[in-house]
Each structure stands twice: as C-alpha cells, then as structure tokens.
Amino acid sequence: MEKYVLSVLVENKSGVLSRVSGLFSRRGFNIDSLTVCETHNPGQSRMTIVVSGDEYVLEQIEKQLSKLIEIISINHCKKESTCQREMALIKVKAAGTQRAVIIETCEIYRAHIVDVSFDSVIIESTGSEEKIESLIKLLEPYGILELVKTGITAMERGEGVMK
C-alpha cells in the first residue's frame with residue numbers, strides 16, 4: 001500500500017471536519033494522519049490528510065470529497081513537487097551521562113531541547129517522516145517516555161497557489 005498526501009482547502013465553518021472524517025468512516029477509508037488549520041484567509045482552512053491505499057482508493061477519496069459543498073479544492077501532493085514536513089515532541093529519560101549523548105544526537109538532527117527536568121528532556125524535531133523516525137530509533141535505547149507527532153503538513157513548491 002502506498003501513502004498519499006491530500007491538501008484540501010475547505011470553508012472554515014463548524015462541522016466541516018466532522019463531515020470530512022465521517023465521509024472517510026462511512027466509506028471504510030482510514031486516515032493515517034490529519035492536520036487542520038486556518039489559512040491566511042480566515043474564511044478558509046487547509047486539511048492535510050494522509051491515507052494509505054492504491055490508485056483506486058485515492059480516486060474514490062477525491063471523488064467523495066469533491067461532493068461535499070464546503071470543499072473548495074483538493075490537491076494530491078506528490079513528494080517531488082511539494083515540501084512535506086512533520087513535527088514531533090519526544091520525552092526521553094536523560095539522567096547523568098546519557099544527557100550529553102542525547103544533546104549531541106539532537107545537534108546532529110538539528111532538533112531542539114525545549115524542556116528539561118531532573119530526569120528527562122523534551123525534544124522538538126521538525127523534518128521529513130524519515131528524519132523523525134530515524135531520530136526516534138536513535139533515542140529508543142535511552143527510554144522514550146512519551147511521543148507525539150503532528151502528522152504531515154505539505155505545501156506545493158514554486159509559485160503555484162492552491163485555489
């Protein structure tokens with residue numbers, strides 16, 4: 001199964017997120033990740049939806065979404081023509097000598113320590129899914145206490161504007 005990233009411009013109204021997620025649920029499609037935020041235009045929000053499936057599933061999802069009145073546009077974000085990023089907060093055990101190694105690892109990945117306590121640190125990392133997963137694998141031996149990821153956000157490269 002392949003992962004597909006859809007950037008969906010919607011009217012910024014209450015209930016739109018519920019209708020979109022309900023559409024996926026009714027059709028038996030799973031959402032791998034979903035991010036939603038108001039755009040520079042307060043009347044619109046952008047949903048970045050990651051789904052797994054084949055070309056047929058992608059086609060069906062796009063057709064079903066386009067039937068919703070609140071949908072303004074749908075863009076299939078291909079990796080080669082979009083900038084895709086994810087953010088993660090990772091709480092790691094960091095006592096004694098481990099702390100220095102964790103700090104060095106963060107520097108290599110251009111991650112930032114955003115909170116420090118006596119026995120742990122919270123690390124913020126932004127980048128591709130692969131970069132985030134690689135950092136997580138390196139931090140696992142120290143003991144990951146908590147992990148939260150935003151899901152993918154994507155934007156088309158160049159001067160193209162989603163309408």
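Which residues does Phe24 touch, not counting residues up to four places away in sequence? Here are a few friendly notes, with that one answered in point 2.

1. **Ground rules.** This is a predicted model, in which local features need pLDDT of at least 70 and side-chain atom pairs count only at pLDDT 80 or more, while totals for chains, interfaces and linings use all residues. Residues are numbered from 1 along each chain as its sequence is written, and side-chain values use heavy atoms, with hydrogens and water left out.

2. **Phe24 and its contacts.** Phe24 lies in helix H1; helices here are DSSP runs (H or I, at least four residues), numbered from the N terminus. Phe24 touches Phe29, Ile31, Ile49, Val51, Ile61 and Leu65 once residues up to four places away are set aside, where contact means heavy atoms within 4.5 Å. Its relative accessibility is 1%, so Phe24 counts as buried (under 20% relative accessible area, with a 1.4 Å probe and protein chains only). By way of contrast, Val92 sits 68 residues from Phe24 in sequence and 35 Å from it in space, C-alpha to C-alpha.

3. **The aromatic pair.** The count comes to 1 aromatic pair. The ring centres of Phe24 and Phe29 are 6.5 Å apart and the planes are at 75°, so this pair is edge-to-face. For the cut-offs, rings of Phe, Tyr and Trp (its six-membered ring) pair if their centres lie within 6.5 Å, and planes over 60 degrees apart count as edge-to-face. Phe29 is buried too, at 19% relative accessible area.

4. **H1 against H2.** Helix H1 (residues 16-27) and helix H2 (residues 55-66) have axes that come within 11 Å and cross at roughly 135°. Axes are lines fitted to C-alpha atoms over the stretch in contact, with angles from 0 to 180 degrees between N-to-C directions. From H1, Val20, Leu23, Phe24 and Arg27 meet Ile61, Gln64 and Leu65 of H2. By class, that contact has 5 nonpolar, 1 polar and 1 charged residues, with Val, Leu, Ile and Phe among the nonpolar types and Arg among the charged ones.

5. **Thr105.** Helix H3 (residues 98-108) holds Thr105. Thr105 counts as buried, at 12% relative accessibility. Beyond its neighbours within four places in sequence, Thr105 is in contact with Leu135, Leu138 and Leu139.

How values were computed:
Rings of Phe, Tyr and Trp (its six-membered ring) pair if their centres lie within 6.5 Å; planes under 30 degrees apart count as stacked, over 60 as edge-to-face and the rest as tilted. Buried means under 20% relative accessible area, exposed over 50%, partly exposed in between (1.4 Å probe, protein chains only). Helices (H or I, at least four residues) and strands (E, at least two) are DSSP runs, numbered from the N terminus.
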